[in-house]
Amino acid sequence: MNKIPVILDCDPGIDDTMMLTLAFARPELDIRLVTTEAGNVSQDKTTYNALSFLTYIKQDVEVARGLDAPMFRTLEVAEEIHGEGGLGNVKWAEPTLQTSERSAVNAMRETLLASDEPVIIVATGPLTNVAALLLAHPEVKPKIKMISWMGGSAVGGNMSTTAEFNAYVDPHAVELVFRSGLPIVMSGLDVTHKAYITLDEMERLSKSGTSFAEKVAEMMKFYTFTQSQTPFHAPNFENQIRVHDVCAVAYLVAPELFQGGDYFVEVELEGRLTAGSTIVDYVGKTGKAHNVKVLHTVNREGFIELFFNAVDTIGKQLA
């Protein structure tokens with residue numbers, strides 16, 4: 001099997017750990033490096049969570065600590081969504097993995113330059129680390145095959161009415177990455193809100209026969225305590241669990257589950273009410289060249305099967 005070389009850049013986070021579950025369950029992915037950054041919770045917490053979860057699932061991979069704050073903005077976290085520690089009410093394992101001596105940017109640079117083939121960067125947090133890498137080391141661009149990012153939205157937001165969280169936290173990083181000329185796939189809220197798991201399905205997962213599945217279900221149910229229905233949400237929004245970040249990896253291993261199109265996308269940097277909004281020119285008004293593939297639709301049943309199979313695979317490996 002020709003494996004796909006991948007760097008995972010994340011801010012664990014409940015759904016980041018589920019992204020890691022899918023990534024490490026898939027034999028076709030060659031995960032060269034995991035990097036962390038501040039986002040859902042502080043950098044100290046995201047790094048600890050990555051080390052804790054990867055220790056639990058028995059993965060020996062380099063974990064490099066990234067930047068502590070956005071490029072030009074004060075960090076805003078999402079503890080009200082992910083819990084004070086970032087993983088709901090679940091504790092995974094006391095880490096035996098150690099943080100790399102290399103910084104995230106240096107580790108990414110050296111991993112990319114050492115690779116014989118282009119590497120895919122999966123980014124499921126603010127794009128701070130990736131932007132810093134491209135700014136400091138543009139020589140790595142030929143070594144990057146694609147950036148698969150969970151973030152942004154064409155319509156609506158979750159940090160504000162127009163901005164998705166990852167884009168809101170560091171819009172300057174998004175702008176730099178979007179202007180890089182690299183192939184980018186954006187799994188924004190337009191598709192991730194359709195990649196939901198119902199409470200009945202989550203109950204089925206919890207009873208699927210492994211302690212790992214039970215812990216996954218317990219952690220993900222924390223989301224239901226943080227959601228509230230409004231007239232502007234889809235029906236049953238508060239009773240659905242969205243695993244946003246999983247989409248960024250799912251697209252790599254099962255692209256047939258997704259639909260999207262190429263568009264020109266830019267980000268609002270300074271808007272008093274709209275900072276972090278990703279402006280997707282889906283009506284073609286700007287006439288500017290397309291720079292991002294924006295996903296908008298997912299086969300939910302296939303997505304659920306893919307994710308549940310990954311939980312089952314990791315659970316059985318640990319049994």
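Why does Ala-195 count as buried? At 0% relative accessibility, Ala-195 falls in the buried class, which is defined as under 20% relative accessible area, with exposed meaning over 50% and partly exposed in between (1.4 Å probe, protein chains only). The model is predicted, so local features need pLDDT of at least 70 and side-chain atom pairs count only at pLDDT 80 or more, whereas totals for chains, interfaces and linings use all residues. Residues are numbered from 1 along each chain as its sequence is written, and side-chain values use heavy atoms, with hydrogens and water left out.

Ala-195 is placed in the loop between helix H8 (189-192) and strand S7 (196-198). Helices (H or I, at least four residues) and strands (E, at least two) are DSSP runs, numbered from the N terminus. With neighbours within four places in sequence set aside, Ala-195 is in contact (heavy atoms within 4.5 Å) with Ile-241, Arg-242, Val-243, Cys-247, Val-298 and Phe-303. Between Ala-195 and Gly-83 the separation is 112 residues in sequence and 22 Å in space, C-alpha to C-alpha.

Eight strands form an open sheet of mixed pairing, in the order S3-S2-S1-S4-S5-S6-S12-S9. Strands S3 (63-65) and S9 (258-263) are at the edges, each with a single partner strand, so one side of each has no neighbour in the sheet. From one strand to the next, the twist averages 25°. Pairing requires that DSSP find at least two bridges between two strands. Strands S4 (residues 119-123) and S5 (residues 144-150) run parallel and are joined by five bridges. Within this pair, Val-119 has Ile-144 of S5 as its bridge partner, and Ala-123 stands opposite Trp-149. S5 also pairs with S6 in the parallel sense, over four bridges; here Ile-147 has Ile-184 in S6 as its bridge partner. Six of the seven residues of S5 are buried, so this strand is largely enclosed by the rest of the structure.

The chain passes from S4 through helix H5 (residues 128-136) to S5 in a right-handed β-α-β crossover; in this sense, with the strands pointing away from the viewer, the path from the first strand over the helix to the second runs clockwise. H5 is mostly covered, with seven of its nine residues buried. Its buried residues, among them Val-130, Leu-133 and Leu-134, pack against S1, S2, helix H4 (104-114), S4, S5 and H7.

Helix H2 (residues 43-56) lies across strand S2 (29-36) and S3, at about 175° to S3. Angles run from 0 to 180 degrees between N-to-C directions, with axes fitted to C-alpha atoms, for helices over the stretch in contact. Helix H11 (residues 246-253) runs at about 140° to S5 and lies across several strands, including S1 (4-10), S6 (184-187) and S12 (292-298).

A nonpolar core is a set of buried Ala, Val, Leu, Ile, Met, Phe, Trp, Tyr and Cys residues joined through side-chain atoms within 4.5 Å. The largest has 69 residues, of which Leu-8, Met-220, Phe-258 and Phe-303 touch the most other members. Beyond four places in sequence, the contacts of Phe-258 include Val-191, Cys-247, Leu-295 and Phe-303. A second, separate core of 35 residues includes Leu-33, Val-119, Ala-167 and Val-174.

Ser-180 lies in the loop between helix H7 (171-178) and S6 and, at 11% relative accessibility, counts as buried. Its contacts beyond four places in sequence are Leu-134 and Lys-141.
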